[in-house]
Amino acid sequence: MPEESILTEDREGRGSIQRTLLLVFIGITAACLIWLGGMLLAPYLGSRSSPWAGPVYFIYKPVCHQLASRSLTCFGQPLAVCARCTGIYLGFLAGLGIYPFIRGWRRPPLPSGRVFVLISSPIVLDAAANLLGLWDTSNAVRLVTGIAWGALLPFYFIAGIADLIISRKKRLKSARNCP
Amino acid sequence: MIHERPGMFQPALVGGIAAGVLTAVPFVNCFCCLWIIGGAVLSAYLFNKRSAVALTPGDGAVLGILTGIVAAVTDSIVSLPFESLNQEFVQRFMDQFSQFVEEMPAGWERWLDQRAGPMSPAWFLLGLLSSAVIYAAFGALGGLIGASIVGGKKSPPLQGPPDEASQNPGHRQP
């Protein structure tokens, strides 16, 4: 194959990767905003005495203990998830905000295991100490440790989902090219 | 040399059942979504142990999604005996909730009564469906974290053009 065509194909491949990453980023951001919107919708509906407040709280039940004493309040009522989970989801949104400035639209590597352990240690220590009764942190501390951990997660999620789509596309393409 | 990949179902089953049981049991379930992420990391570890090639992020995501779906089914089944305890929890939640509002939302008691009786197949399926979607997303995240922790210790799979990610075994940062 002439060198020029290799370069053209490489440029096309890079363009396809960038498009995929951008679409994955938009999709994940939209899903995150809907999820955060639901968290606010539950107390809003509750404050309006709507019968739909219960089912909206029910949607978030599988992923959070929903203890009112450990939840932040909005519209005078507890959010659909606890302060720590709220922090994780807000951190996820913040991570999405900084993602393009740190990673750009290249096919990115996953963060290393060391980075994961380092950023996870505050939330793990705080949660374990609370569970064991060593100390009882305020909702503000739970929120902050959640934000710190949640901000790391988009760097896994975008890279992984994009890799999944790109590798499936490649497999399909090579299967089509094979006689 | 072409490396053979082991099936994903078995590790996903083990990780999903472990995560589903821990998510369903009262008190232990206080770690919220972290059990699902942990179960998916376990699946990634088990898959990587049996595989001759490195676990890619894409494989980690698929493995995590499968783990999340298995966890949702397990959680729904294991939760059934604890339903009365969950009712107590919902009642306690409502008691705490009532401290924040002057007037409770209309229809709350009816909604609680519906949930207090034997669980209807419709409620069961609705809960299973919403859990499956949410757990699959958290599972994918866990599978990706697992891939970054355990995935870079073997040779990468032989496919795809060279780019930054595939040149880096396990797609991890240096």
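The structure shown in every view is a predicted model.

**View 1. Ser49(A) sits in a loop of chain A, between helices α1 and α2.**
The loop that holds Ser49(A) runs between α1 (3-47) and α2 (53-60) of chain A. Most residues other than glycine have a negative phi. Ser49(A), however, is a residue other than glycine with a positive phi, near 55°. Ser49(A) counts as buried because its relative accessible area is 18%, and the cut-off for that word is under 20%.

**View 2. Phe75(A) lies in the loop between strands β1 and β2 of chain A.**
The strands on either side of this loop are β1 (73-74) and β2 (77-78) of chain A. Phe75(A) is not a glycine, and yet its phi is positive, at about 55°. With a relative accessibility of 46%, Phe75(A) counts as partly exposed, a term used for residues between the limits of 20% and 50%.

**View 3. Arg84(A) and Asp126(A) meet in a salt bridge within chain A.**
Side chains of opposite charge can pair when their charged atoms come close. Here the side chains of Arg84(A) and Asp126(A) form such a pair, with an N to O distance of 3.0 Å. Arg84(A) belongs to helix α3 (residues 83-103) and Asp126(A) to helix α4 of chain A, so the bridge ties together parts that are 42 residues apart in sequence. Both partners are buried: Arg84(A) has a relative accessibility of 12%, and Asp126(A) has one of 4%. The structure holds two salt bridges over all chains.

**View 4. Asp136(A) and Arg142(A) form a salt bridge in chain A.**
In this pair the closest N and O atoms are 3.2 Å apart.

**View 5. Gly95(A) is a buried residue in helix α3 of chain A.**
Helix α3 of chain A is the place of Gly95(A), and the relative accessible area of this glycine is 0%, so Gly95(A) is described as buried. When residues up to four places away in sequence are not counted, Gly95(A) touches Ala151(A), Pro154(A) and Phe155(A). The C-alpha atoms of Gly95(A) and Asp126(A), which are 31 residues apart along the chain, are separated by 21 Å.

**View 6. A nonpolar surface patch brings together residues of chain A and Phe27(B).**
The patch covers about 600 Å² and is made by Leu131(A), Leu132(A), Leu134(A), Trp135(A) and Phe27(B). One of these residues, Leu131(A), lies in helix α4 (residues 113-132) of chain A. Leu131(A) counts as partly exposed because its relative accessibility is 37%.

Chain B has seven helices and zero strands, and 48% of its 174 residues count as buried. Two packed helices are described by the angle between their axes and the distance between the axes. The axes of α3(B) and helix α6 (residues 121-150) of chain B come within 6 Å and cross at roughly 145°, and the crossing is right-handed. The contact is made by residues including Gly60(B), Gly64(B), Gly68(B) and Ala72(B) of α3(B), together with residues of α6(B), among them Ala132(B), Ala136(B), Gly139(B) and Gly143(B).

Thr67(B) is part of helix α3 (residues 57-79) of chain B, and at 1% relative accessibility Thr67(B) counts as buried. Leaving aside residues up to four places away in sequence, Thr67(B) touches Ala12(B), Gly15(B), Gly16(B), Gly39(B), Ala40(B) and Ser43(B). Val133(B), in turn, is placed in helix α6 of chain B and counts as exposed because its relative accessibility is 58%. Val133(B) and Leu22(B) are 111 residues apart along the chain, and their C-alpha atoms are separated by 18 Å.

Notes. Residues numbered from 1 in each chain as written. Chains lettered and ligands numbered in written order. Predicted model: local features only at pLDDT ≥ 70, side-chain atom pairs only at ≥ 80, totals over all residues. Heavy atoms only, no water. Patch = residues over 30% accessible without salt bridge, like charges linked within 9 Å, V, L, I, M, F, W, Y side chains within 5 Å. Areas by Shrake-Rupley, 256 points an atom, 1.4 Å probe, with all protein chains shown as cover. Salt bridge = Lys/Arg side-chain N within 4 Å of Asp/Glu carboxyl O. Helix = DSSP H or I, 4+ residues; strand = E, 2+ residues; numbered from the N terminus. Buried < 20%, exposed > 50% of the residue type's maximum accessible area, 1.4 Å probe, protein only. Contact = heavy atoms within 4.5 Å. Axes fitted to C-alpha atoms, helices over the stretch in contact; angles between N-to-C directions. Left-handed = near helix turned anticlockwise from the far one by under 90°.
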